[in-house]
Structures are given as structure tokens and as C-alpha cells.
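Thanks for coming, everyone. Let me put the structure up, and then we'll walk through a few of its charged pairs.

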Amino acid sequence: MTIAADSLKLITTVEQLKYYLIQAMKIEHATIPPYMTALYSIKPGKNLEAFHIIREVAVEEMLHLTLVANVYNAVGGSFASPVLTAPNFIPTYPSYLPTGSTDFKVGLTKFSKKTIETFRKIERSKDVEEGDPLVESRSLQEYLLEVVGCDPTKTFYSIGLFYAEIIRGLNALYKEKGPDLFCGDPRRQITPEYYYNGGGDIIPVTDLRSAMRALKVIQEQGEGSRSGTIYDAERELAHDYRFQQILLEKYYVIDKDDPTKSDQPNEPTGKSFNVDWNEVYPIKDNAKLSDYPEGSEVRTAALAFHSAYSEFLAKIEYAFDGHPEQLVPAVGGMFRLKEQANSLMRNPIPGNPGVNAAPIFKLDKR
């Protein structure tokens, strides 16, 4: 059962808009721990091409998170109360994402063909007939995105349609309130000079036009390529096809000056490279603190990583909360976690031979 698009008006107030923007930040962050887990499970110095591809996508997810934060600040949102450091911000993995009709979970797993295929599912856009933005929830207990103001058995068909509702709601509220909708302090915006080098262009949000630009970048870059092409709205290789390069062990070629000369989907013609799927630490999937014995070195290391990652999110939140100059060192810190992650991944779990430890992004003492 679905609900017609023209009757889907979940966002009718500014507070509802803010709520959905917080949900958007949760979604943009939710892919980062899976990407980081796969990235750091690759043994140092191995599979460099795959390493850099995954790393670039992770940086762009940080861009998306920052763009949503800019929109949130622009409409008067506040980070004074916890958002990125709220107890429910990090999902419990594995978790369902609203990514289309295929039922699958996203978890914290090592670099493998199966993991990269899952990453492609996250980034892939599937066409949906107009009028079907909501579908029956596959699992009410495990879905990351909560649909408020609607039948609780429903969830969004895809992340792209979720953003479509934010865009619709933003337009509707602007017609009602005009420029007053953008009441946030412009000094809280993350501008290009404060953003980490790489991952795309940051867009300061001060009005409807800039808000729409920011949301469209997220929607189109995150949803994958435009129909029949391998590139997104910025004429960069779409995330789906970036991951496909790893599976095909071959780069795509994009001609930004003449897109008609770019490679066709599933037919890369660029440089070949090798992927050794065995040069990976055999980490435990979706590790929990309870997997590590009391007093063990891996338990101590897991707690240290969790603390460091919590500090990373706190620094990002602080930057969004009116201290934009702090964002560059904060985002850089995401990759300085590599050594702490490796100190876990290269060590077996006591009493569990052949299975190594892995980072924990959310403490679970059960």
C-alpha cells in the first residue's frame, strides 16, 4: 500500500522541518561507520586504489552532513541541545536504510565483494513511479528513519524521496513565511574556507535559492547518477559507479567538457588495477563491547576508539554550533582514527580464534 505524492505533506511547520533535517543528518552520518570499517580493515599499504575510492566517498558523506547542518542553521535550528551527540544519533548496526524496494541491512563489515555490493545498494537510485513515496516498513524495529505525522507502518521508499519531501516542505514554508524563514545567524554557516579540502563544494545557506542548491547536491550526488550516465549533477563520478570500479578493477573515464565522451554505465575504459580481497583483517561483523572479554587489551582498545569517535562527533557538533573554524581539524580527525582502528583490527579476539576485533561506534553493554 502506498500514499500518493500529492497527498504527502509531512512537513507543514518549521519545527517539523527542523525534525526532518535532524533525521537527514542521521542518515548522512549512518553510512560513515560502515565505510570507515571497510576502509580500515584493509591492511596498511594494500589495495590502495580501493582505499582511496572508499575514502573519497566517506569525505563526500561528510560534505552532505555539513550541507544539511547549514540548512538547519539557516532556518533557526540549534545545536545547543545534542544532535550529533544525542544517544540515538548513531544507529545500531546492522540497520535498514530507506534505499529502495530491495530489503537489505547495512552493517559494519570488512572490505569484501559483498560489502562493496552493499555499498552500491546504498548509493544506487532506483526509479519509482510517481505516487509511491512511502511504502510498508520492512522492520519497524530496525529502520533508521522515522516518518512522523504519518501512518507509523510506513517509511520512505528511498533517501532521494525523503529529501524530496524536505524540499517540498521548505518551498511550502517559504511561500507562507517568505525570507523570515531563514532567520538563522549567517555567521554559523560553514563556508568554503572552513571546509575540509576535498569532497565537493560547500554551500553557505542564507536564502531559499542556496538551500535548494545544497539539498539538490545531496539528493543527486547521494542518489547516484543521472539516468543513463555514470556522473552526478556536478559531473563527478557517481558513488555507485565509484564502488563498481572496485568490483571491476578498472577506472571509469569522465570527460567533463564533453559528457558524451564519458564512459557508459558498466563499461569502464580507464586504467586497470588489482584488488586482493585476502589482504584484509578478518574482523568480527557488527562487533559489540560484549564480544570482548573483561580486562582484555581489545576491550580497552575498543573503549578508547569509542571515546575518540564520540569526541570526533562532539567536535563536528561544536563547529556547527557557531565555531566553523573548528571544522577542518575535526573532519581531519576522522582519518586520524585509523591507527586506533588498526590496533583493534590486527588483533584476534581472545577465545575466538581466526576472528579479529573491530571498532565499536555505539556502546552496547547487552
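**Charged pairs and a hairpin**

Let's start with E15. E15 counts as exposed, because its relative accessibility is 53% and the cut-off for exposed is over 50%. Keep in mind that this is a predicted model.

Now, what does E15 meet in a salt bridge? The partner is K18, at 3.3 Å, N to O. Both residues lie in helix 1, 3 residues apart, about one turn of the helix.

Is K18 buried or exposed? K18 is buried, at 15% relative accessibility. Helix 1 itself covers residues 14-30. The K18 side chain also reaches the backbone oxygen of G76, at 3.3 Å. Beyond its sequence neighbours up to four places away, K18 touches Y72, V75, G76 and G77.

Next pair. D321 and R188 form a salt bridge through their side chains, at 2.4 Å, N to O. This one links distant parts of the chain, 133 residues apart. D321 sits in the loop between helix 8 and helix 9, and R188 in the loop between helix 5 and helix 6. D321 is partly exposed, at 23%. R188 is partly exposed too, at 22%.

One more. K256 and E236 meet at 2.6 Å, N to O, in a salt bridge. K256 is in the loop between helix 7 and helix 8, E236 in the loop between helix 6 and helix 7, so the pair ties together parts 20 residues apart in sequence.

The whole structure has 11 salt bridges.

Last stop, the hairpin. Strand 5 and strand 6 pair in the antiparallel sense over 2 bridges. P348 stands opposite N356 in strand 6. There are 2 residues between the strands, and G351 in the turn has a positive phi of about 80°.

Conventions:
Residues numbered from 1 in each chain as written. Predicted model: local features only at pLDDT ≥ 70, side-chain atom pairs only at ≥ 80, totals over all residues. Heavy atoms only, no water. Helix = DSSP H or I, 4+ residues; strand = E, 2+ residues; numbered from the N terminus. Polar contact = N/O pair within 3.5 Å; in protein donor to acceptor, adjacent residues only side chain to side chain. Contact = heavy atoms within 4.5 Å. Pairing = 2+ DSSP bridges. Salt bridge = Lys/Arg side-chain N within 4 Å of Asp/Glu carboxyl O. Buried < 20%, exposed > 50% of the residue type's maximum accessible area, 1.4 Å probe, protein only.
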